[in-house]
Amino acid sequence: MNAGNYDEDVLEIYSKLLPRFIVMSDQSIRVKDEIHICLLEEEVDETAAISLKERISCNYPQGIKNYKIKMTLANYTELSTCKNSELLFLFNSSKAHISETLAYAKRHNSMTVSYDASLLEEGVSLSLYLGRKTLPYINTTALKRNGITLDPILLRISKLYMQGDK
């Protein structure tokens, strides 16, 4: 998938949800003054990543719930720049980069969210279910593996991913 394949409306939805995923989880316990979100991309996705970053800044100019939002744009080869992030957002990449990122997220107890819902199969924590309704799509197994608990309200309004869902 290349940068032209990222839908602007879907990026807008993610821009509104990513900070909320953190405050609606026990990740908020880790937050002191700032929420840290790391946007991981390949060079071809840089335009989409910048667009998402700008949209988050526009939607949350004052932050959320008294927390400022700090965002890092990083290439998958610069994964260590995400070390203080509560949430890693994954644009599409190679299977090797995705696996490495998921292992990194597990070691650092970080939440992972992917643009592509098919990455739930690989072990990503959250994505979006784009059907008649657009809903958060949650891989509870992946969240448990990373030691993350979500607010029951978020679970109730989401579609839960089961191994083998397509």
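Tyr115 is buried, with a relative accessible area of 11%; buried here stands for under 20% relative accessible area, exposed for over 50%, and partly exposed for the range in between, with a 1.4 Å probe and protein chains only. The structure is a predicted model, in which local features need pLDDT of at least 70 and side-chain atom pairs count only at pLDDT 80 or more, while totals for chains, interfaces and linings use all residues. Residues are numbered from 1 along each chain as its sequence is written, and side-chain values use heavy atoms, with hydrogens and water left out.

A search of the whole structure returns seven aromatic pairs, where rings of Phe, Tyr and Trp (its six-membered ring) pair if their centres lie within 6.5 Å, and planes under 30 degrees apart count as stacked, over 60 as edge-to-face and the rest as tilted. In the case of Tyr6 and Phe91, the ring centres are 5.1 Å apart and the planes stand at 85°, so this pair is edge-to-face. Tyr6 sits in the segment before helix H1 (8–23) and Phe91 in the loop between strand S3 (87–90) and helix H3 (95–107), so the pair ties together parts that are 85 residues apart in sequence. Helices (H or I, at least four residues) and strands (E, at least two) are DSSP runs, numbered from the N terminus. Both Tyr6 and Phe91 are buried.

The partner of Tyr115 is Tyr14, in an aromatic pair that is tilted, at 6.1 Å centre to centre and 40° between the planes. Tyr14 belongs to helix H1, and Tyr115 to the loop between strand S4 (111–114) and strand S5 (126–130), so this pair ties together parts that are 101 residues apart in sequence. Tyr14 is buried as well, with a relative accessible area of 0%. One aromatic cluster is formed by Tyr6, Tyr14, Phe89, Phe91 and Tyr115.

The C-alpha atoms of Leu128 and Tyr14 are separated by 8.3 Å, although the two residues are 114 residues apart along the chain. Leu128 is buried, its relative accessible area being 4%. Not counting residues up to four places away in sequence, Leu128 touches Val10, Ile13, Tyr14, Leu17, Ala117, Thr134, Leu135, Pro136 and Tyr137; contact means heavy atoms within 4.5 Å.

The loop between S4 and S5 also holds Ser125. With 0% relative accessibility, Ser125 counts as buried. Apart from neighbours within four places in sequence, Ser125 is in contact with Met111, Thr112, Leu120, Tyr137, Ile138, Asn139, Ala142, Leu143 and Asn146.

Thr112 is likewise a contact of Leu102, together with Glu122, Gly123 and Val124, again leaving aside neighbours within four places in sequence. Leu102 lies in helix H3 and is buried, with a relative accessible area of 14%. Between the C-alpha atoms of Leu102 and Thr112, which are 10 residues apart along the chain, the separation is 7.5 Å.

Backbone angles bring two further residues into view. Most residues other than glycine have a negative phi. Lys65, however, has a positive phi near 50°. This residue lies in the loop between helix H2 (46–59) and strand S2 (68–75), and at 60% relative accessibility Lys65 counts as exposed. Asn109, not a glycine either, has a positive phi of about 50°. Asn109 is located in the loop between H3 and S4 and counts as partly exposed at 34% relative accessibility.

Turning to the whole chain, the protein contains five helices and seven strands, arranged along the sequence as α-β-α-β-β-α-β-β-β-α-α-β. For 166 residues, a compact globule would have a radius of gyration near 15 Å, and the 14 Å of the protein agrees with this; the radius is taken over C-alpha atoms, and the globule rule is 2.2 Å times the number of residues to the power 0.38. The C-alpha atoms fill a box of roughly 40 × 35 × 35 Å along the principal axes. Of the 166 residues, 48% count as buried. Among contacts with a separation of 6 or more, 63% come from residues 24 or more positions apart.
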